[in-house]
Amino acid sequence: MLRREHKRPGSVKNYVGAIDQGTTSTRFMVFDQAARVVAVAQKEHEQIFSRPGWVEHDALEILRRTEEVIAEALEQRGLRASDLAAIGITNQRETTVLWERKTGKPVANAVVWQDTRVAEDVARFASDGGQDRFRARTGLPLSTYFSSLKLRWLLQNVPEARERAAAGELLFGNIDTFLLWNLTGGAQGGVHVTDVTNASRTQLLNLQTLNWDEKLLAAFEIPRAVLPDVRSSSEVYGEASLGAIKGVPITGILGDQQAALVGQACFRPGEVKNTYGTGCFLLMNTGERMVPSDCGLLTTVAYKFGSATAHYALEGGVAIAGALVQWLRDNLGMIAKSSDVEVLARTVNDNGGVYFVPAFSGLYAPYWKENARGVIAGLTRYANKGHLARAALEATAFQTREVVEAMEKDSKIELTSLRVDGGMVVDELLMQFQADLLNREVVRPVIQETTALGAAYAAGLAVKFFSGLEELRANWAVDRTWKPSLGEMERERLYKNWKKAVTRSFDWIES
């Protein structure tokens with residue numbers, strides 16, 4: 001396919017847009033056909049911690065931020081709706097919203113993926129059939145992480161919610177669904193759908209049929225009327241009714257980690273990416289076959305483009321990565337801005353024997369321990385804030401190694417290098433330590449906004465703005481490669497001490 005020449009805005013649809021709705025902020029990005037960033041605007045939203053273990057968002061604030069960043073990004077380059085061929089959506093997954101069909105008003109704050117309020121429900125459900133009782137159907141263990149028990153909690157605890165949901169008066173969705181419904185008309189005919197990647201994170205989707213599973217709905221006591229329709233990740237869902245983008249088709253939806261996999265052009269089985277964001281998520285494309293995990297990973301949908309067969313992935317998720325840096329900033333006031341953590345960590349030569357296990361929401365892959373909580377181990381009078389900053393960065397690398405080891409065992413594929421993306425990959429100290437700890441090359445692509453790019457790719461494929469996967473592959477290029485330089489003895493000593501620290505976080509909360 002020939003590249004389009006750059007023309008004046010308005011003369012041809014030269015661009016594709018992407019809404020990137022994350023855990024801490026919302027962005028709108030505009031890309032050209034060569035996957036270059038043309039415009040970007042970003043705004044944070046409030047993190048609501050009303051009780052220990054509870055993490056909430058105001059879904060209407062997220063909607064407002066979305067509308068604001070769309071307008072700002074377009075204004076930067078003097079772009080109009082007519083310049084956009086399509087818009088894609090990528091989003092924080094599992095975060096659960098329940099709202100009124102007639103008004104669009106949420107009946108409660110959104111329950112965020114990190115929220116642990118349903119920990120007792122996890123234990124109750126696991127007492128009958130074990131933690132993996134639904135894994136064969138869903139690819140997921142019982143956990144506070146997924147949407148199923150969060151939605152069940154809302155239906156049980158919001159007055160009259162269950163009855164109203166069964167009557168079709170309330171609608172459920174993760175953030176992708178909530179945004180799509182509002183952007184395509186809301187109470188005046190908004191489209192109530194989700195894509196297979198987000199649906200696969202609810203623990204209500206059957207991975208084989210790629211539709212809602214009646215037995216799962218019965219087990220979690222979820223009325224079918226509240227659920228969105230399940231579609232592919234790349235098709236025309238509807239047209240935007242919002243002024244700034246009115247008439248632009250919305251044609252792509254991918255959960256954020258699947259979007260990063262697509263943005264990294266990992267379309268072949270065995271290709272892997274790791275995203276360093278609020279959490280840290282390693283995904284391997286396993287092609288058209290579902291690979292069950294014996295090592296604490298998740299089996300999930302990678303993407304489904306239009307009528308093509310769905311691709312699946314193995315995923316290892318770490319709950320707290322960049323969020324730990326934000327905690328140092330916001331809760332302890334150790335740094336003024338997140339980027340300061342590398343400067344502070346470089347004031348010391350090593351971690352001083354300090355290990356930080358950020359099990360704020362329990363431990364995800366490969367442990368799946370809901371009752372773990374965060375610990376700092378190895379403290380002495382020698383330790384200072386530089387050591388704490390370094391231990392906080394190293395925690396992400398240690399957790400990634402644990403997931404990589406599990407991934408290699410499950411897939412029987414040894415990783416030769418690791419493609420990385422996300423906000424933390426600008427931290428060169430972390431990236432070098434990651435290469436040292438894995439004893440493998442760590443590769444950062446030229447285009448690091450891979451989550452938004454993946455959503456743009458999915459949207460562009462649906463309207464033939466992009467010709468196909470080979471064109472997307474051709475856009476991928478290396479920016480920097482970190483090579484391991486740490487001796488084996490020191491690497492294994494550090495990892496052994498990390499493992500010891502992790503065990504100290506186990507069973508902190510007693511049932």
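In this structure, the charged end of Arg401 is placed over the ring of Tyr495, at 3.7 Å from its centre. The model is a predicted one.

Contacts between rings form the next topic. A pair of aromatic rings is described by the distance of the centres and the angle of the planes. Across the whole structure, a search finds 24 aromatic pairs. One of them joins Phe267 and Phe305: the ring centres are 6.5 Å apart and the planes stand at 70 degrees, and because an angle over 60 degrees counts as edge-to-face, the pair belongs to that class. Phe267 is located in the loop between helix H9 (256–263) and strand S15 (272–276), while Phe305 is located in the loop between strand S17 (298–303) and strand S18 (311–318); the pair therefore ties together parts that are 38 residues apart in sequence.

Phe305 also takes part in a pair with Tyr303. Here the centres are 4.6 Å apart and the planes are at 15 degrees, so the two rings are stacked. Phe305, with a relative accessible area of 14%, is buried, and Tyr303 is buried with a value of 3%.

Elsewhere in the model, ring pairs connect several residues into a cluster, whose members are Trp113, Tyr145, Phe146, Phe281, Tyr364 and Trp368.

Terms used: Residues numbered from 1 in each chain as written. Predicted model: local features only at pLDDT ≥ 70, side-chain atom pairs only at ≥ 80, totals over all residues. Heavy atoms only, no water. Phe/Tyr/Trp six-rings, centres within 6.5 Å; stacked < 30°, edge-to-face > 60°. Helix = DSSP H or I, 4+ residues; strand = E, 2+ residues; numbered from the N terminus. Buried < 20%, exposed > 50% of the residue type's maximum accessible area, 1.4 Å probe, protein only. Lys NZ or Arg CZ within 6 Å of the ring centre and 35° of its normal.
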